[in-house]
2 protein chains.
Amino acid sequence: MAERVVVVGGDAAGMSAASQAIRVAGSSGRELEVVALDRGHWTSYSACGIPYWVAGDVDGPEGLVARAPDEHRRNGIDVRMLTEAVAVDLDGRWVEVVDHDGGGRERLGFDQLVLATGAAPVAPDVPGADAAGVFGVQTLDDGDAVIRRLGTRPRRAVVVGAGYIGVEMAEALTRRGLAVTVVDQAPEPMTTLDPDLGRLVHDAMEGMGIGVVTGARVERFETRGDGGVRAVVTDAGTFDADIVVLGTGVRPATSLAREAGLPLGKSGGVRVDDGLRVPGHDGVWSAGDCVESYDRVSGTWVHVPLGTHANKQGRVLGTNLGGGDDRFPGVVRTAISKVCDLEIARTGLGEADAAAAGFDAVAVTTESTTTAGYFPGAAPMTVKMLAERSTGRLLGAQIVGRAGSAKRIDVCALALWNEMAVGDLAMTDLSYAPPFSPVWDPVQIAARRVADRV
Amino acid sequence: MAERVVVVGGDAAGMSAASQAIRVAGSSGRELEVVALDRGHWTSYSACGIPYWVAGDVDGPEGLVARAPDEHRRNGIDVRMLTEAVAVDLDGRWVEVVDHDGGGRERLGFDQLVLATGAAPVAPDVPGADAAGVFGVQTLDDGDAVIRRLGTRPRRAVVVGAGYIGVEMAEALTRRGLAVTVVDQAPEPMTTLDPDLGRLVHDAMEGMGIGVVTGARVERFETRGDGGVRAVVTDAGTFDADIVVLGTGVRPATSLAREAGLPLGKSGGVRVDDGLRVPGHDGVWSAGDCVESYDRVSGTWVHVPLGTHANKQGRVLGTNLGGGDDRFPGVVRTAISKVCDLEIARTGLGEADAAAAGFDAVAVTTESTTTAGYFPGAAPMTVKMLAERSTGRLLGAQIVGRAGSAKRIDVCALALWNEMAVGDLAMTDLSYAPPFSPVWDPVQIAARRVADRV
């Protein structure tokens, strides 16, 4: 008889896991019945694409769907939409599910359980946070709600939180013609960068006409008579808003896991081994934005909710569940973004992370250009690089610059992955031609300068 | 008393070596007198920029000069231009030099000798190869000659050789309004790529209006009554030409080294150790386009004339000569180029290289896009990747695609450098956001597909 696999969550991690499990099981002769549940309307979509849908670059929501429920069904997955898992009994081996369409409620037995419940926006715990017109941006349904609000022709937007989602949504709303103010508690935007590089983002955003208010704590959201949001009140002033977007981060959506007694890490994410199994719980798996990942640089477990990890973890999980053997080797915390034509990227540890992880780090910031300096369109780019003082080992890098800058972070990510010293990175054989790089790639200039200091 | 260092050749390798030697000697208390000779008019220039100067993108020749003779003089280097070293006596420790300006000839003693004599274009050994209007493109003086010829308003150009310089010059001359035909002996352009990827370049060049004639051997250059070139005669037809550019490759310019009895490798390049010393010859050094470099993938010594290596080798040489300690760790044969909006890159071994080096290789070619497929401007890119069948070790990669494709080769170069397996590369933490990449980077899609086959 086929083993039943219940997958809770129909986005990247869950559906990658489901698809890969069927594929691998098929070739290993194992028989699986895979049921995938999602409480929303969409499977396998790019939540990262929502800002570009809001900006009007992309037709959504269908345009952001990599694989729709019916495609998954044709691949043999029993996909049930608008279906929410509300409880798990690990001993009884069942999930209690609610059908938000038909209204039914049932117990669904499983042999193998995959929790891919993702992450949920963190709303500031202040009055008015649930007002109409205040939006998180995590699911296509969220994106749809923002788009509908834009149909009411709002003029002023406030984005709370200046991380990746915040700056991307600030660009999107600016391009839709709104006057946008971004407020953030931190001294500079993009706290995944060190403040000196965050300052470059700050200046560039102001140059694009986006208001940036830092060091500002939100105290409450004021509403109109109809309950809709009217203003964001902070300790640094009140900002009128017809629409508010929350870019205040996400946390792992692990209430099911917690109630079922699964192990959670400090961040609240599910603890998994490198095969995406939940330790101590046979036949229970988890992947994607709801789990913690091993940070290869600091040696700690961290919550890094990104589609790239969700896809890779889902695939590894599916391979193992299907009878194969694969492992997810961890992360180095690489991330990339843009706000208008400013590109932003980071990998590894920043100065504060490095100190917290106990490293004595040397940091150097260098200015260079994306192409040979004499080449038309040569654009400025700033690279900050950190290395361990005693060994020269690369610890992290951050890049802020114009078109052609940010994807270079991948070289730093791969150097981190291989625990290279900055002096060695400086001498590697990276590509050079005038339209693509100065003769010393900016990453190598940075590496050389840091190497001179360790 | 100061040791005298004579540097022969005033471009990247020679002048990097000279500058770094003075810098390092200064901090180590060593006293050096550095004399640098060049037979041309320019020091420290970007020969790679010549096609962009010809195209009109860049003002030349000054715009391509990173550091002029007077700047080097201010740093304490005795730079002598239009001065050619014509003989070396290693036992007598002198170089015979001819002053092409004043006309003098003298013996210049040295304690340390640096040969940075570069490479010279290989002209086809056929009648008429020395006709007026037939140009190599190796020095700024060559570039200047091409520019002057363009002042005579030629209409038809033939480029002989479809390697990097050939395709770049084909673009440049097309953009100057000439009708351009590229002829090459090989079955496809860009023999640094495998023929299947070369075919993509072929098709794209034809799409840009450039004539591409492959499998054609040049038999002679026909001249007019005034001695100027009139046509290129090949075994595949005769092509009228008012100007001919040779992109038939370069060879190490090592006549001085050979006559002095220095060891040369198979390619004709000077053999050096990883400190850029010439083995068996105390106080004799060499770097740049005239030396062989160690190929870390095949374990052989190869001639890779590129500014990026010349700069790095010059710096390492200078550090060691100045009393420091550094090493040049070799190459993986990374290269990048473009023709109009088509980007081309390679690293490591192609199929023929891999077979020649004794590897049993698996090769897979994948199609992907530069950004998320739904993102506006998502451009096609093709990645071919090779791995060793028994171990999965990455052996090489080739990329052909539109804007944003080619610089991704650096990830492959760094993976090769660290001897990564393709399965491991597929799981590394590369950056992802929709404007920059699909959720699986094209390099990782390729790596995953190869990994599935090993």
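The elements of chain B that give two or more residues to the side touching chain A are helix H8 (307-321), strand E21 (335-339), helix H10 (409-417), helix H11 (422-426) and helix H12 (442-451). Helices (H or I, at least four residues) and strands (E, at least two) are DSSP runs, numbered from the N terminus.

This is a predicted model, in which local features need pLDDT of at least 70 and side-chain atom pairs count only at pLDDT 80 or more, while totals for chains, interfaces and linings use all residues; side-chain values use heavy atoms, with hydrogens and water left out. Residues are numbered from 1 along each chain as its sequence is written, and chains are lettered from A and ligands numbered from 1 in the order in which they are written.

Back at the interface, 61 residues of chain B are in contact (heavy atoms within 4.5 Å) with 61 residues of chain A. Together the two chains bury about 5100 Å², with 68% of that on carbon and sulfur atoms; buried area is the accessible area (1.4 Å probe) that two parts lose on being put together, summed over both. B:Met427, B:Asp429 and B:Phe436 supply 16% of the area chain B buries against chain A, more than any other three residues.

Salt bridges (a side-chain nitrogen of Lys or Arg within 4 Å of a carboxyl oxygen of Asp or Glu) also turn up here. There are 4 across the interface, and A:Arg315 forms one with B:Asp452, the closest N and O atoms being 3.8 Å apart. Over all chains the structure holds 63. Inside chain A, A:Asp57 and A:Arg175 pair up at 2.6 Å, N to O. That pair ties together parts 118 residues apart: A:Asp57 sits in the loop between helix H2 (50-55) and helix H3 (69-74), and A:Arg175 in helix H5 (residues 164-175).

Chain B also has an open sheet of 3 strands, in the order E13-E14-E15 with antiparallel pairing; two strands pair if DSSP finds at least two bridges between them. Strands E13 (218-223) and E15 (237-240) stand at the edges with a single partner strand each, so one side of each has no neighbour in the sheet. Strand E14 (residues 229-234) is joined to E15 by 4 bridges, and B:Ala231 has B:Asp240 as its bridge partner in E15.
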